Amino acid sequence: MSVLLSVTNLVKSYGTRRAVDGVSFRVLAGQTVGLLGPNGAGKSTVVAMLCGLLRPDAGEILLDGQPVAAGAAAVKRRIGMVPQDLALYEDLSARDNLRLFGALYGLKGGPLAARIEHVLGLVNLQDRARDKPATFSGGMKRRLNIAAALLHEPDLLILDEPTVGVDPQSRNAIFDTLEALQAQGRALIYTSHYMEEVERLADHIVIIDHGKVLADDTPAALHRRLPARAVLRVDLAEPAAEGVLAALRAHAGVTALAQDNATLDIGLVDNADAVPVLGWLQQNGQRPLHFSTARASLEDIFLNLTGRTLRD
Amino acid sequence: MNAFFALVRKDLILYVADRRALLMHLVLPIVIAAFFGSVFGGSAKNGVIDVALVQQDASEVGRRIGAGLQADPNLHVTVMDRAQAAQAVRKGSQAVAVVLPAGFAEAAGSAMFTPAPKPVIELLYDPSQTAVLAMVKGMLTQQVMSVVSAEMFGGPMGRKLTERSLQQVDAGTIADPALRDMLAAVRTYQAQPQQQTQQISANGGEAAPRGLSMPFTTRDQGLSNAPALQGYNPYAHAFSGMGVQFILFMGMNMGIAMLAARRDGIWNRLLAAPVSLALVVLARAVSATIIAFCLLCIVFAVAVLAFGVTVSSVPGFLGIALCFGALTAGFGLLVAAFGKTPEAARGIAMFATLIMVMLGGAWVPTFVFPAWVQQATMIVPTRWAITGLDAVTWRGLGLPAAMPAMAALLGFAALFMALAIWRFQKAPA
């Protein structure tokens with residue numbers, strides 16, 4: 001796949017505070033890149049520079065080899081932006097909102113009308129086209145917000161926290177839309193501090209904190225970086241003795257161990273290590289009442305990289 | 001251009017859909033202008049002073065003085081007793097109360113030619129209406145001099161008082177030979193038949209009653225180019241003032257809405273599209289100009305149709321309305337560009353608007369200001385809007401008279417817009 005977007009050593013400061021500090025990453029054609037980081041990490045500043053709203057202090061952004069200087073109309077025409085805040089006029093009908101945003105990208109007449117119908121269908125709002133967003137639910141507004149960014153068929157769609165304040169059902173509807181776009185081969189940049197959203201969508205993940213890139217890899221490669229890729233939780237009939245715990249720590253495949261009352265959290269190199277560990281516990285006089293295994297999440301990856309959680 | 005028209009169209013649709021804004025910017029100026037126009041002389045009681053008359057002098061002459069006051073078209077006289085009159089003035093329902101004391105006419109007649117004590121007319125007045133007091137004094141003087149002197153030169157009371165005065169002079173009570181001669185001449189005049197004096201008057205023109213009368217009359221002519229029968233229409237200035245004020249409020253609200261859009265992110269969403277900042281700002285300026293222009297035209301259409309205001313130059317009026325629309329747009333952009341938050345900007349913009357409309361003569365005409373203030377207000381843009389609208393309405397002037405105001409308004413509008421764009425470019429997001 002060819003490189004669609006290339007970001008190199010991006011720097012942006014506000015006064016003495018450096019909001020973005022040497023950020024670099026790439027987006028390939030048809031790829032979905034998740035920009036993950038806690039609130040205030042610098043994601044929205046990066047997005048503003050990608051969309052030409054802010055001029056970087058240093059660094060370079062190239063879209064298909066063309067620089068994205070602030071205000072460059074030809075490049076902006078190839079980017080669709082879904083901002084974190086709802087960018088809709090509440091007292092214009094859904095169709096009039098789309099008509100406005102379509103016109104801003106040079107669409108008019110029949111082609112504009114056709115695109116409006118198409119994107120309304122894509123976000124499942126055809127029957128509400130005449131209604132004003134003021135009468136919509138939060139999820140419907142978010143979907144209309146996305147539709148407005150798709151009118152001009154951008155090569156790259158940038159979504160800045162598009163599910164903020166949305167109920168689970170609407171979130172699923174938004175994901176259905178985004179997955180449909182992925183299936184069409186459209187490149188996406190998806191920023192969020194919800195790891196499960198990024199994990200579901202992204203082919204590639206860029207983790208940002210304090211304006212710096214901490215990791216830039218595929219989800220699988222990021223998981224491989226973790227010492228424990230799975231966690232086995234076991235509820236015992238009685239708390240295990242210190243001697244048993246010491247022996248368990250030395251067991252093959254066990255990377256970490258913690259006991260809270262009679263519950264053991266056992267870090268494993270792989271899920272497959274769970275069965276021999278359970279067998280060892282029984283052989284050593286422990287009586288497991290209940291157990292579960294879980295794959296390590298991006299939350300664990302972020303924790304491993306920064307020593308704090310995404311929502312800190 | 002497609003994007004530009006779409007942005008303008010969006011603003012127009014949003015404005016028309018906002019019923020509260022329409023009420024604020026269209027209905028309120030009409031209602032308040034109608035009220036001010038009425039208060040400042042627009043009603044049938046134009047310039048009439050409310051006066052209470054306490055008629056304690058029951059003599060024929062005293063009653064004639066009272067009747068004379070009641071017949072004066074500049075006064076609206078209500079007869080009441082002294083206590084009622086005092087209460088009415090205290091409450092403000094009467095501007096002045098005239099207390100004509102018992103025996104006033106006879107005492108005034110006596111005091112006319114002799115050093116007899118002068119009778120006193122008590123005037124009770126509202127302290128907030130001292131100018132009205134002076135006017136009532138003037139009208140009262142005219143009535144008393146006219147009625148009392150007519151009586152002294154021809155009425156039975158006058159003959160009686162002349163005889164009595166002559167007796168006092170002859171008895172040596174008053175030692176003034178010249179006064180005796182004059183009283184004798186007055187007695188001779190009184191003895192002449194009334195018909196003869198009227199005959200003499202008829203030779204010179206209109207028959208006149210005996211006695212003193214004003215030796216002149218006035219011909220009042222309001223100088224404006226408005227049709228002679230129309231003259232000054234106070235509604236014209238009231239509609240100019242209130243129209244300008246509330247349309248500036250519209251401009252202020254537009255600026256605050258832009259600030260809110262910048263805070264809410266929709267501004268950035270517009271700028272993420274392939275349009276320039278200048279285009280977005282210019283589209284907002286054009287839509288605001290169109291809205292302001294239409295509002296002023298509708299306000300004046302009501303003034304013309306319902307309140308008899310005349311527009312002497314339609315091109316002049318349209319030119320002023322368009323230039324004032326551009327000024328309103330510039331003012332709104334200035335608020336949006338220099339305001340930090342919608343909340344903070346609202347207070348400052350409201351203050352600036354009120355100062356501009358006050359100094360611009362929207363509330364009261366600028367000629368009531370001291371001379372130096374009148375000079376200083378030349379730098380207030382609203383002054384030019386009001387002056388221009390006055391010129392093409394009640395002053396009855398044509399397009400050339402409106403052109404300086406149009407040029408000034410356009411100059412201010414260009415300055416405001418340039419400052420706003422400079423500021424937007426400095427801090428675009």
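**Two chains, questioned**

Visitor: What makes β11 and β13 of chain A a pair?

Guide: Two strands pair if DSSP finds at least two bridges between them. Strand β11 (residues 230–236) and strand β13 (residues 263–268) of chain A have 6 bridges, so they count as paired, and they run antiparallel. Strands here are DSSP runs of E with at least two residues, and helices are runs of H or I with at least four, numbered from the N terminus.

Visitor: Why is the sheet with β12 and β14 of chain A called open?

Guide: The order is β12-β13-β11-β14 in chain A, with antiparallel pairing. β12 (254–260) and β14 (288–295) of chain A stand at the edges with a single partner strand each, so one side of each has no neighbour in the sheet. The twist averages 15 degrees from one strand to the next. Helix α10 (residues 274–283) of chain A packs on this sheet, touching β11, β12, β13 and β14 of chain A, and its direction makes about 160 degrees with that of β14(A). Such angles run from 0 to 180 degrees between N-to-C directions, with axes fitted as lines to C-alpha atoms, for helices over the stretch in contact.

Visitor: What makes β9(A) and β10(A) a hairpin?

Guide: β9(A) and β10(A) have 2 residues between them, and A:H210 in the turn has a positive phi of about 50 degrees. Strands β9 (residues 204–209) and β10 (residues 212–217) of chain A run antiparallel and share 5 bridges, with A:V206 opposite A:D216 in β10(A).

Visitor: What is the pairing in the 4-strand sheet of chain B?

Guide: It is mixed, in an open sheet ordered β2-β1-β3-β4. The edges are β2 (75–79) and β4 (122–125) of chain B, each pairing on one side only. Strands β1 (residues 49–55) and β3 (residues 96–100) of chain B pair in the parallel sense over 5 bridges, and B:A52 has B:A97 as its bridge partner in β3(B).

Visitor: Why does B:I290 count as partly exposed?

Guide: A residue is buried if 20 or more other C-beta atoms (placed from the backbone) lie within 10 Å of its own, exposed if 12 or fewer, and partly exposed in between. B:I290 has 17 C-beta neighbours inside 10 Å, so it lands in between. B:I290 is found in helix α12 (residues 277–307) of chain B. For chain B, buried residues make up 41% of the 429 residues.

Visitor: What makes a set of residues a nonpolar core?

Guide: Its members are buried Ala, Val, Leu, Ile, Met, Phe, Trp, Tyr and Cys residues joined through C-beta atoms within 7 Å. The largest such core has 158 residues, and those with the most contacts inside it are A:I158, B:I320 and B:L409. Helix α10 (residues 234–264) of chain B gives the largest share, 17 residues. A second, separate core of 33 residues includes B:V89, B:A95, B:V99 and B:M112.

Visitor: How do you know which residues of chain A are in contact with chain B?

Guide: Two residues are in contact if their C-beta atoms, placed from the backbone, lie within 7 Å. By that rule, 25 residues of chain A are in contact with 20 residues of chain B. α3(A) gives the most to chain A's side, with 5 residues. That side divides into 14 nonpolar, 4 polar and 7 charged; Ala, Val, Leu, Ile, Met, Phe, Trp, Tyr, Cys and Pro count as nonpolar, Asp, Glu, Lys and Arg as charged, and the others, Gly among them, as polar.

Visitor: Which element of chain B has the lowest mean pLDDT?

Guide: Helix α9 (residues 194–204) of chain B, at 52, while helix α13 (residues 314–338) of chain B has the highest, 95. pLDDT is the predictor's confidence in each residue, from 0 to 100. Where pLDDT is low, the predicted coordinates should not be read in detail. The mean is 84 for chain B and 89 for chain A. For the complex, the predictor gives an ipTM of 0.80 and a pTM of 0.71.

How values were computed: Residues numbered from 1 in each chain as written. Chains lettered and ligands numbered in written order. Predicted model: local features only at pLDDT ≥ 70, side-chain atom pairs only at ≥ 80, totals over all residues.
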